[in-house]
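This report describes the fold and packing of one protein chain. Please have the sequence and the 3D view open while reading.

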Amino acid sequence: VTITTRLLVSHLSGIRHYEKDIAKVKEEKEKANRAFKLTKPNQDKEQKEKDGKGTEKTDSVKPKKEHEGEVKSRNSKPGRRDKEFEQEEYYLKEKFESVIESLKIFKNDPLFFKPGDQFLYSTYGFTLLSAVVERVSGQKFTDYMLNMFRDLDMLSTVLDDNEAMIYNRARCYVYNKKGRLVNAPYVDNSYKWAGGGFLSSVGDLLKFGNALLYSYQAGQFKNTNGKLLPGYLKPDTVAMMWTPVPKTEVSWDRDGKYAMAWAVVEKKQQYGFCRQQRHYASHTGGAVGASSVLLILPEELDSEAIDTALVAPPRGVIVSIICNMQSVSLNSTALKIAREFDKEKWAQ
């Protein structure tokens with residue numbers, strides 16, 4: 001088989017996630033699909049009733065199972081554990097000196113399916129991707145990333161290194177089986193730097209979101225007389241990253257599809273004066289004792305603003321939330337916040 005970097009960033013490689021038993025993975029997928037099919041008619045009925053009243057549905061359909069240990073917090077009780085966080089490999093304490101060395105965890109395991117055939121979220125797919133970056137760049141993946149963070153002015157984003165003294169590092173918490181709040185267990189994330197091994201701040205994530213949004217929109221503005229600096233990435237590159245990839249899915253937002261390392265919801269409206277689906281990109285994150293989300297809602301620019309350069313990028317709303325608590329669902333909250341700010345801006 002052939003596994004490309006595009007397959008890796010879209011989770012179509014067939015490389016396993018934390019669960020080693022393919023039968024259990026298939027069973028969970030079938031359960032999620034059945035649950036979605038059962039709830040879909042009711043959701044459609046509710047939506048038609050809302051659409052008939054001229055109201056807009058502001059919350060996306062949320063799935064039963066969410067990526068990286070996220071669960072729907074409004075329906076969960078303290079102490080309830082998501083099955084994903086029961087996987088032993090979440091709690092590895094071994095320190096790996098390089099990303100190449102960490103490949104030994106999964107490199108001899110069989111693929112779950114032929115690359116390109118199915119979607120399966122895989123942290124280890126990104127571990128392999130980091131090894132590719134290391135070989136192509138000729139430097140350690142961690143050094144490469146830290147240099148990139150410096151270019152992006154993300155000076156508070158560092159490796160989640162247990163030994164290092166990191167200013168303002170937050171304590172992380174989980175609920176135990178009795179529903180009591182306790183300190184999260186000790187883990188070493190050196191086996192998955194690319195898939196969950198960095199510490200950051202809300203401010204740094206906002207800088208990252210602005211850099212991407214600027215890059216995405218910079219090519220759309222005309223008549224700027226060379227006043228606009230180029231984006232960190234080419235506009236076409238970001239557009240490609242934010243284009244849904246066939247055969248993918250997003251567990252934390254049923255409106256979306258997976259693109260390249262981002263979940264993307266496309267602009268869509270089926271009926272006049274009914275629900276409008278705005279284009280946005282987001283990604284959630286979950287770790288032992290922590291949850292996060294970064295959501296980017298680009299502004300829909302009119303042709304006059306673009307042609308006359310009356311405004312400059314980035315234009316839109318970016319929401320970043322970091323929580324030092326495990327298994328907190330944040331994507332729908334981020335989307336509601338983004339829509340409120342977007343609504344307020346247009347009201348002015």
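## Basis and overall figures

The model is predicted, with local features requiring pLDDT of at least 70 and side-chain atom pairs counted only at pLDDT 80 or more, while totals for chains, interfaces and linings use all residues. Residues are numbered from 1 along each chain as its sequence is written, and side-chain values use heavy atoms, with hydrogens and water left out.

The protein chain has ten helices and nine strands. Helices (H or I, at least four residues) and strands (E, at least two) are DSSP runs numbered from the N terminus. The chain has 348 residues, and 44% of them count as buried. Here buried means under 20% relative accessible area, exposed means over 50%, and partly exposed lies in between (1.4 Å probe, protein chains only).

The accessible surface of the chain comes to about 19300 Å², by the Shrake-Rupley method with a 1.4 Å probe, and for residues only the protein chains shown count as cover. Carbon and sulfur atoms account for 52% of this surface. Among contacts (heavy atoms within 4.5 Å) between residues at least 6 apart in sequence, 68% join residues at least 24 apart.

## Nonpolar cores

In soluble globular proteins, nonpolar side chains tend to be buried together. A nonpolar core is a set of buried Ala, Val, Leu, Ile, Met, Phe, Trp, Tyr and Cys residues joined through side-chain atoms within 4.5 Å. The largest such core has 42 residues, and those with the most contacts inside it are Tyr 124, Leu 212, Trp 242, Trp 262 and Ile 296. Two or more residues of this core come from each of α1 (5-9), α4, α5, α7 (202-218), α8 (235-241) and β8 (290-298). Domain 1 (1-32 + 82-177 + 185-199) and domain 2 (215-347) each supply at least three of its residues; the domain bounds come from an automatic or database domain assignment. Another core, of 14 residues, lies apart from it and includes Leu 295, Val 317, Val 319 and Val 328.

## Aromatic pairs

The structure holds twelve aromatic pairs. Rings of Phe, Tyr and Trp (its six-membered ring) pair if their centres lie within 6.5 Å; planes under 30 degrees apart count as stacked, over 60 as edge-to-face and the rest as tilted. Two of the pairs are listed here.

| Pair | Centre to centre | Between planes | Class |
|---|---|---|---|
| Tyr 124 and Tyr 191 | 6.4 Å | 50° | tilted |
| Tyr 216 and Trp 242 | 4.9 Å | 55° | tilted |

Tyr 124 lies in helix α4 and Tyr 191 in the loop between β3 (181-183) and α6, so their pair ties together parts that are 67 residues apart in sequence. Tyr 124 is buried at 0% relative accessibility, and Tyr 191 is buried at 1%. In the second pair, Tyr 216 is in helix α7 and Trp 242 in the loop between α8 and β5 (257-258), 26 residues apart. Trp 242 is buried at 4% relative accessibility.

Tyr 124 and Tyr 191 also belong to one aromatic cluster with Tyr 18, Phe 85, Tyr 90, Tyr 91 and Phe 106. Leaving aside neighbours within four places in sequence, the residues in contact with Tyr 124 include Ile 15, Arg 16, His 17, Glu 89 and Ile 105.

## Helix α5

Which residues of α5 are buried? They are Phe 141, Thr 142, Met 145 and Phe 149. Seen down the helix axis, these buried residues fall within an arc of 95°, so they line one face of α5; the arc is that of the directions from the helix axis to the C-beta atoms. They pack against α3 (99-102), α4 (123-137), β1 (158-159), α6 (193-196) and β4 (198-199). On the other side of α5, Arg 150 and Asp 151 are exposed.

Thr 142 lies in this helix, which spans residues 141-151. Thr 142 counts as buried because its relative accessibility is 8%. Beyond its neighbours within four places in sequence, Thr 142 is in contact with Leu 159 and Trp 193. Just after α5, Asp 153 takes a positive phi of about 65°.

Glu 299 is in the loop between β8 and α9 (303-308). Glu 299 is buried, with a relative accessible area of 12%. Setting aside neighbours within four places in sequence, Glu 299 is in contact with Gln 217, Arg 278, Arg 315, Gly 316, Lys 345 and Trp 346.

Lys 336 is in helix α10 (residues 331-347). Lys 336 is partly exposed, with a relative accessible area of 34%. The C-alpha atoms of Lys 336 and Val 319 are separated by 9.8 Å, and the two residues are 17 apart along the chain.
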